[in-house]
Amino acid sequence: MIEIANILIVVFLLIGAFLSLVAAFGVIRLPDVYTRNHAASKSATLGVMCILIGALLYFYFIDGYFNPRIVLGIVFIFLTSPVAGHLIGRAAYNSGVKLWDQSVRDDYKEVSEKKKKLAEKVSR
Amino acid sequence: MAFQILLNMFLGFTWMFLTASYEPIAFLKGYFFGLLIIFAFRRFFPSRFYLLRVFAIISLILLFLKELVLSNVAVVKSVLKPKLDMKPGIFALPTVLERDWEITTLANLITLTPGTLVIDVSDDKKILYVHAMDIEDANEAIDSIKNTFEKAILEVSK
């Protein structure tokens with residue numbers, strides 16, 4: 001039983017570490033803010049979640065006690081990381097960061113320009 | 001829904017006092033029998049049986065976990081590919097959801113699944129602008145979001 005638990009814990013930790021590593025690679029390799037944001041804010045989510053699940057299983061099987069704070073940690077990651085990713089993307093677009101030159105379409109352009117004009121009118 | 005849960009709690013407490021045992025297990029027993037009673041009388045309530053909604057929420061969570069794993073694999077693939085040949089872009093996603101919390105949930109779910117990221121919501125709350133890491137076909141992406149997340153959220157809020 002302990003052996004199976006050990007294997008499970010190691011698998012979770014390794015997957016988590018691998019995903020975090022890939023997220024870091026993605027931040028270095030990908031071409032612009034938006035695609036980097038994908039790698040940073042979300043592969044990292046699942047990576048951290050896997051590591052936390054590994055820790056939870058470790059405490060449960062080896063020490064024999066269920067740690068509710070880890071579960072809360074997972075829940076809070078789920079609550080905060082999409083909001084952070086969304087805000088970074090939105091702030092980048094509205095402060096004029098350009099998309100990668102090989103991007104294929106941009107439906108948001110017109111709306112954003114309209115909004116900017118409106119904001120200028122109001123500020124005058 | 002809130003009324004049905006309250007009623008169910010009340011039935012649970014009633015059971016506790018009727019059997020004169022004040023342990024959590026007695027409450028759970030009473031809650032279960034109360035659930036059966038509410039199920040039997042479900043057509044006299046104005047809203048639908050609340051357990052259905054609980055099931056809908058659970059299936060939404062499961063669906064989301066599945067999507068999370070699948071699309072993580074996709075992102076890992078495109079990051080580790082030796083050649084960067086993806087086609088990122090922003091597409092407009094029209095949505096039928098109306099209430100604020102539904103749109104928030106949808107936006108959060110889209111953002112949490114790697115490969116898609118909500119940039120903005122239009123002022124009339126009808127269109128979400130989604131940045132996708134790889135749009136082979138925007139219509140396909142729209143369809144898949146509409147058929148999975150939107151359907152599941154509608155199932156919860158029905």
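Predicted model: local features only at pLDDT ≥ 70, side-chain atom pairs only at ≥ 80, totals over all residues.
Two packed helices are described by the angle between their axes and the distance between the axes.

**View 1. Helix α3(A) meets helix α4(B), a helix that spans residues 100-112 of chain B.** The axes of these two helices come within 9 Å and cross at roughly 85°, and α3(A) and α4(B) are therefore roughly perpendicular to each other. On the side of chain A, the contact is made by Phe78(A), Ser81(A), Pro82(A), Val83(A) and His86(A), while α4(B) contributes Asn108(B), Thr111(B) and Leu112(B).

**View 2. Within chain A, helix α2 (residues 33-63) packs with helix α3 (residues 68-94).** Here the axes come within 10 Å and cross at roughly 175°, an angle over 145 degrees, so α2(A) and α3(A) are roughly antiparallel to each other. The residues of α2(A) that take part include Val33(A), Tyr34(A), Leu52(A), Ile53(A) and Phe59(A), and those of α3(A) include Ile70(A), Ile74(A), Phe78(A), Ser81(A) and Tyr93(A). This contact holds 17 nonpolar and seven polar residues, and no charged ones. Two of the residues shown here, Phe78(A) and Ser81(A), also belong to the contact of α3(A) with α4(B) in the previous view.

**View 3. Helix α1 of chain A (residues 2-29) crosses helix α3 of chain B (residues 50-80).** The two axes come within 9 Å and cross at roughly 50°, which makes α1(A) oblique to α3(B). The crossing in which α1(A) passes α3(B) is left-handed. From α1(A), the residues Phe18(A), Leu19(A), Val22(A), Phe25(A), Gly26(A) and Arg29(A) meet Asn72(B), Val76(B), Val79(B) and Leu80(B) of α3(B). Seven of the residues in this contact are nonpolar, two are polar and one is charged.

**View 4. Chain A as a whole is built from four helices and zero strands.** Read from the N terminus on, the elements therefore follow the order α-α-α-α. Of the 124 residues in chain A, 32% are buried.

**View 5. Ala20(B) sits in the loop between α1 (2-19) and α2 (24-40) of chain B.** Although Ala20(B) is not a glycine, this residue has a positive phi of about 55°. With a relative accessibility of 52%, Ala20(B) counts as exposed.

**View 6. Ile119(B) belongs to strand β2 of chain B, which covers residues 116-121.** The relative accessibility of Ile119(B) is 0%, and this residue therefore counts as buried. Along the chain, Ile119(B) and Ala132(B) are 13 residues apart, and their C-alpha atoms are separated by 10.0 Å.

Definitions and conventions: Residues numbered from 1 in each chain as written. Chains lettered and ligands numbered in written order. Heavy atoms only, no water. Axes fitted to C-alpha atoms, helices over the stretch in contact; angles between N-to-C directions. Parallel < 35°, antiparallel > 145°, perpendicular 65-115°, else oblique. Left-handed = near helix turned anticlockwise from the far one by under 90°. Contact = heavy atoms within 4.5 Å. Nonpolar A, V, L, I, M, F, W, Y, C, P; charged D, E, K, R; others polar. Buried < 20%, exposed > 50% of the residue type's maximum accessible area, 1.4 Å probe, protein only.
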